[in-house]
Amino acid sequence: MARGIDISDIDWVLQYDPPSVASSFVHRCGRTARIGNEGNALLFLLETESAYVDFIKRNQKVELQRMETKLNMDTVEECLQCMRQMQQKDRLMFDRANRAFVSYVQAYSKHECNLILQLKDIDLGKLAMGFGLLRMPKMPELKGKKVSSFVDPEIDTNAIPYMHKQRELHRIKRLIEYQNIGNWSNIHRRKQKAKLKLGLKTKREDSRNKRNE
């Protein structure tokens, strides 16, 4: 959120992960406790990210206090099932969950504090569970990695429909095309276009060579 924005009656600022720029931590916290009022800010950190506490203390002169909590695994499981059920009802939610996970992982890999916040230290399977994913997405950061901690609900994700009828009809059309040609239509078109460009380039080079002979 931009600096200088004043929204009244904000009691808590929750930071899901350390901001990519250290100074943003203080600016985020500043959205609460406005005009002499009291406020609270909570930052979620993994055990592997504990060095960030000392980093913020040195970099921003801010001391963080650990909040002791007891994790209720029944509540965690309930939240996971709720997120997965939402995705099974509407493919739009399924798409958004996957994009959110991919965006998070890619942003984390480029974090300003990558000396203490390293992607290799994160259990990507458990992270995916935290996003409520129904399957592990295909992305470069996961290539060649075994993610044993991810519990696959064994759901046919191709069968998840969009609630929006026109969008669902378009998806079914593309799915049928994939089953017929073995490629997603847009990927197939890109490959065909690339081949066409290569063919035109080769023809131009042949024409130049003939003129130079």
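In this predicted model, Arg-91 is buried but forms no salt bridge. The nearest side chain of opposite charge belongs to Asp-95, at a distance of 4.3 Å. The side chain of Arg-91 instead reaches a backbone atom, the oxygen of Ile-160, at 3.1 Å. Arg-91 is located in helix α4, which spans residues 91-109. When residues up to four places away in sequence are left out, the contacts of Arg-91 are Thr-157, Asn-158, Ile-160, Pro-161, Tyr-162 and Arg-171.

The chain as a whole has 213 residues, of which 25% count as buried. Its secondary structure comprises 7 helices and 2 strands, arranged from the N terminus in the order β-α-β-α-α-α-α-α-α. Among contacts between residues at least 6 apart in sequence, 61% link residues separated by at least 24 positions.

Packing between helices was examined for α1 and α2. Two packed helices are described by the angle between their axes and the distance between the axes. Helix α1 covers residues 22-29 and helix α2 covers residues 51-60. Their axes lie 10 Å apart, and the angle between the two helices is about 85 degrees. The helices α1 and α2 are therefore roughly perpendicular to each other. On the α1 side, the residues involved are Ala-22, Ser-23, Phe-25 and Val-26. These meet Tyr-52, Phe-55, Ile-56, Asn-59 and Gln-60 of α2.

Backbone geometry was also considered. Most residues other than glycine have a negative phi. Lys-61, although not a glycine, has a positive phi of about 60 degrees. Lys-61 is found in the loop that runs between α2 and α3, the latter formed by residues 73-89. The relative accessible area of Lys-61 is 70%, and the residue is exposed. Glu-154 is likewise not a glycine and has a positive phi, here of about 55 degrees. The loop holding Glu-154 lies between α5 (124-130) and α6 (165-181). With a relative accessibility of 71%, Glu-154 counts as exposed.

Terms used
Residues numbered from 1 in each chain as written. Predicted model: local features only at pLDDT ≥ 70, side-chain atom pairs only at ≥ 80, totals over all residues. Heavy atoms only, no water. Helix = DSSP H or I, 4+ residues; strand = E, 2+ residues; numbered from the N terminus. Buried < 20%, exposed > 50% of the residue type's maximum accessible area, 1.4 Å probe, protein only. Lys, Arg positive; Asp, Glu negative; His and termini not counted. Salt bridge = Lys/Arg side-chain N within 4 Å of Asp/Glu carboxyl O. Polar contact = N/O pair within 3.5 Å; in protein donor to acceptor, adjacent residues only side chain to side chain. Contact = heavy atoms within 4.5 Å. Axes fitted to C-alpha atoms, helices over the stretch in contact; angles between N-to-C directions. Parallel < 35°, antiparallel > 145°, perpendicular 65-115°, else oblique.
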